Amino acid sequence: MPVLIRSAGRVLGPFVLALPVLLTACTSEQPPAPPPADSGPVEVDATRDELAALAAAAQDRHLVAQYVYSRAGQPDRTIVFTSANDGSWRVDVPGGALGGTADVSMANTADGLFQCALPSAGHAESASCVRLGERDEAIPRRLDPRVQHPFTDWLDVLTDRRAPLAVAPATAPEGITGACYSVDSTSASLNAPLDVGIYCYDRDGTPTGVRTGAGTLRLAAPPAAAPATVQLAGPVVVDREPLGTAAPPTPDPSESPSAGTP
């Protein structure tokens with residue numbers, strides 16, 4: 001009987017010694033590599049950086065440029081934007097006041113913020129300007145034609161990485177060239193820092209077009225060289241109210257002096 005035990009020991013011995021080796025071989029196998037991390041946030045950051053860089057170049061871009069302004073239900077108009085070398089700017093807006101019947105020019109100079117009324121169907125007088133406030137003040141909403149924002153204060157928003165914006169590459173709207181980006185607001189506030197839409201730029205920072213809910217601006221021709229400073233469209237007067245964007249009220253026939261007369 002002892003012989004059988006010794007024999008069994010001789011038979012089991014190699015298996016007992018091999019067991020740790022087999023266990024080690026199994027546990028030494030490496031777990032499968034995890035799937036690659038989603039590169040979405042990196043791409044989003046890169047797109048935001050691209051737009052911020054182009055907007056910064058636009059801030060340094062001084063020019064005189066014509067833009068075709070298209071809006072549903074209205075005829076196309078040509079907007080002229082001037083960014084002078086001293087940092088002053090001016091935008092001439094046909095139909096920018098009195099419900100589209102009066103032409104205006106908005107200007108921001110070292111002397112302040114101005115609205116100039118231009119001779120037009122709704123304003124038969126010669127050109128004259130009204131001072132609205134200091135140059136860093138916002139244009140009152142009732143006087144704001146809004147077409148100047150993509151070239152002025154909204155550039156500050158696009159270059160600010162803290163602004164609540166979501167940016168993605170976009171296809172250029174018809175007739176617009178350059179690199180285009182879809183810009184949306186991530187803020188729950190009703191007062192978004194800019195109008196959401198598509199913003200397009202040439203490589204040198206020239207704004208080539210903007211499409212928002214307010215309409216579409218499209219660069220109409222190559223920009224011209226910028227002047228040293230902008231000039232107001234007319235003299236500054238103090239006895240005139242600025243022209244609002246809303247159409248004037250329709251006169252009530254019953255209040256006419258001739259009403260009720262034969």
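Author: Contact means heavy atoms within 4.5 Å. This is a predicted model, in which local features need pLDDT of at least 70 and side-chain atom pairs count only at pLDDT 80 or more, while totals for chains, interfaces and linings use all residues. Residues are numbered from 1 along each chain as its sequence is written, and side-chain values use heavy atoms, with hydrogens and water left out.

Reader: OK, which residues is serine 120 in contact with, apart from its neighbours within four places in sequence?

Author: Serine 120 is in contact with Thr101, Ala102 and Asp103, and its side chain reaches the backbone nitrogen of aspartate 103 at 3.0 Å.

Reader: And is serine 120 buried or exposed?

Author: Serine 120 has a relative accessible area of 17%, so it is buried (under 20% relative accessible area, with exposed being over 50% and partly exposed in between, for a 1.4 Å probe and protein chains only).

Reader: Switching topic, which residues touch the most other members of the largest nonpolar core?

Author: In that core of 23 residues they are Ile79, Val91 and Leu243, where a nonpolar core is a set of buried Ala, Val, Leu, Ile, Met, Phe, Trp, Tyr and Cys residues joined through side-chain atoms within 4.5 Å. Another core, of 17 residues, lies apart from it, and includes Ala58, Val157, Val183 and Leu194.

Reader: What is leucine 243 in contact with, again leaving aside neighbours within four places in sequence?

Author: Among the contacts of leucine 243 are Ala97, Leu98, Val104, His123 and Leu143, and Ala102, which also belongs to this list, is in contact with serine 120 as well.

Conventions
Polar contact = N/O pair within 3.5 Å; in protein donor to acceptor, adjacent residues only side chain to side chain.
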